[in-house]
Amino acid sequence: MLDRLKELGREATAALQSAATLMELESVRVKYLGRKSELNQVSRGLKDLESDERRSVGRAVNELKNELGALLEQSKERLESAGEPSAGLDLTLPGRMPWVGGKHPLTRTYERLESIFRGLGFEVALGPDVEDDFHNFDALNIPADHPARDGWDTIYIDDDSLLRTHMSPVQIRVMESRKPPIRIIAPGRVYRNESADASHGSEFYQLEGLYVDRDVRFGELKGVLIRFMRELFGENVTLRFRAGFFPFTEPSTEVDVKCLICQGSGCSVCSGTGWVELLGAGMVDPRVFEAVGYDPGEFSGYAFGLGVDRICMMMTGTDDIRLFLENDLRFLRQI
Ligand code: DAH
């Protein structure tokens, strides 16, 4: 019996000393010192032994218990000071990065556009989301009852207030309050009374531009737009200037970019045409100058309006404009 105790002592000592974690140490304690341990069984069987043997084995059992108890404490201290705060925690695992959020892709796109235009000498102007007929239409040479108004399906609030259908009214507000030279961009959300599809939203973002001074030519408009597109999409971007019509510019143009989603082979974003319309532009119509009290004989200028969402689609490879307003975190985190 005494031999067996010695052997148990050696085994338990080795196990206590080699335990590498607090959890391991705890299972060593249960095995050698716990209620069901061999040592405890011997201790409980003492009463059945002859008195001589009981005395010697009893002493050996007590000594062993004390010895192992002290060793257990030592091992515990060793593991705790080695940075093992609680059982089962692996401190070598890399931490989980908290997600700190990010800017919406449309915000990032707008900031990019703003910085390019600031570099070209434009400053930012703002206007109200709720407009009146005069600024949204009349002053832009779109009189009441004129069929051109059908081009903008309008959400009216009452007879004379509406949600702006485009950013062009900011042109009027700026010209009403200042004299040329004027070189502004006006970013903002616009509203249309129409149903959305992959490339048309009923709410979307536009960026309007206006430059008014003496002797402004169409060539300058073209130069600024080409410079802008190249800054944005790279020097190799393919553009297409088409003749267009807008009541507030004459002549007018619409500018398309070769679809960067499908490289021109046709997809849902470009409706299979290979081209995406990104902006309308032109030379400010003399009637617009008259509406704000400028002399069309003295001043000339150009204006443009571009679709921020479409540009964001091209920049991020997104093929459905509606995703930008859904606020699905799975989408927002991905792009
Ligand atoms: N306001 C137009 C629209 O909503 C876009 C536009 C076209 C703005 C031509 C302009 C322009 O300034 O010159 O569709």
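Residues are numbered from 1 along each chain as its sequence is written, and side-chain values use heavy atoms, with hydrogens and water left out. As this is a predicted model, local features need pLDDT of at least 70 and side-chain atom pairs count only at pLDDT 80 or more, while totals for chains, interfaces and linings use all residues.

Me: What makes the pair of tryptophan 152 and phenylalanine 248 tilted?
Reply: Rings of Phe, Tyr and Trp (its six-membered ring) pair if their centres lie within 6.5 Å, with planes under 30 degrees apart counted as stacked, over 60 as edge-to-face and the rest as tilted. Here the centres are 6.0 Å apart and the planes stand at 45°, so the pair is tilted. It links distant parts of the chain, 96 residues apart, with tryptophan 152 in the loop between helix H6 (133-136) and strand E3 (161-163) and phenylalanine 248 in the loop between strand E6 (239-246) and E7; helices (H or I, at least four residues) and strands (E, at least two) are DSSP runs, numbered from the N terminus.

Me: Which other aromatic pair is tilted, and what are its values?
Reply: Phenylalanine 324 and phenylalanine 331 are tilted, at 6.0 Å centre to centre and 55° between the planes. Both of these phenylalanines are buried, a word that means under 20% relative accessible area, against exposed at over 50% and partly exposed in between (1.4 Å probe, protein chains only). Tryptophan 152 and phenylalanine 248 are also buried, and the structure holds 11 aromatic pairs.

Me: What makes arginine 183 a charge over the ring of phenylalanine 122?
Reply: A charge sits over a ring if NZ of Lys or CZ of Arg is within 6 Å of the ring centre and within 35 degrees of the ring normal. The charged end of arginine 183 sits 5.8 Å from the centre of the phenylalanine 122 ring, and lysine 222 lies over the face of phenylalanine 241 at 5.3 Å from the ring centre.

Me: Which residues touch the most other members of the largest nonpolar core?
Reply: A nonpolar core is a set of buried Ala, Val, Leu, Ile, Met, Phe, Trp, Tyr and Cys residues joined through side-chain atoms within 4.5 Å. Of the 41 residues in the largest one, those touching the most other members are Phe117, Leu207, Phe228, Phe233, Tyr302, Phe304 and Leu306. Helix H8 (218-233) is one of the elements that each supply at least two residues, and H8 gives the most, with 7 residues. A second, separate core of 29 residues includes Val174, Ala186, Val190 and Phe248.

Me: Why is one side of E1 and of E6 left without a neighbour in the sheet?
Reply: The 7 strands form an open sheet in the order E1-E4-E5-E9-E8-E7-E6, with mixed pairing. Strand E1 (123-124) and E6 stand at the edges with a single partner strand each, so one side of each has no neighbour in the sheet.

Me: How do you know that E6 and E7 pair?
Reply: Two strands pair if DSSP finds at least two bridges between them. E6 and E7 have 7 bridges in the antiparallel sense, so by that definition they pair. Phenylalanine 246 stands opposite threonine 249 in E7, and the bridge partner of threonine 249 in E8 is valine 284. E7 and E8 also pair in the antiparallel sense, over 8 bridges, while 5 bridges join E8 to the antiparallel E9.

Me: What makes E8 mostly covered?
Reply: In E8, 8 of its 10 residues are buried.
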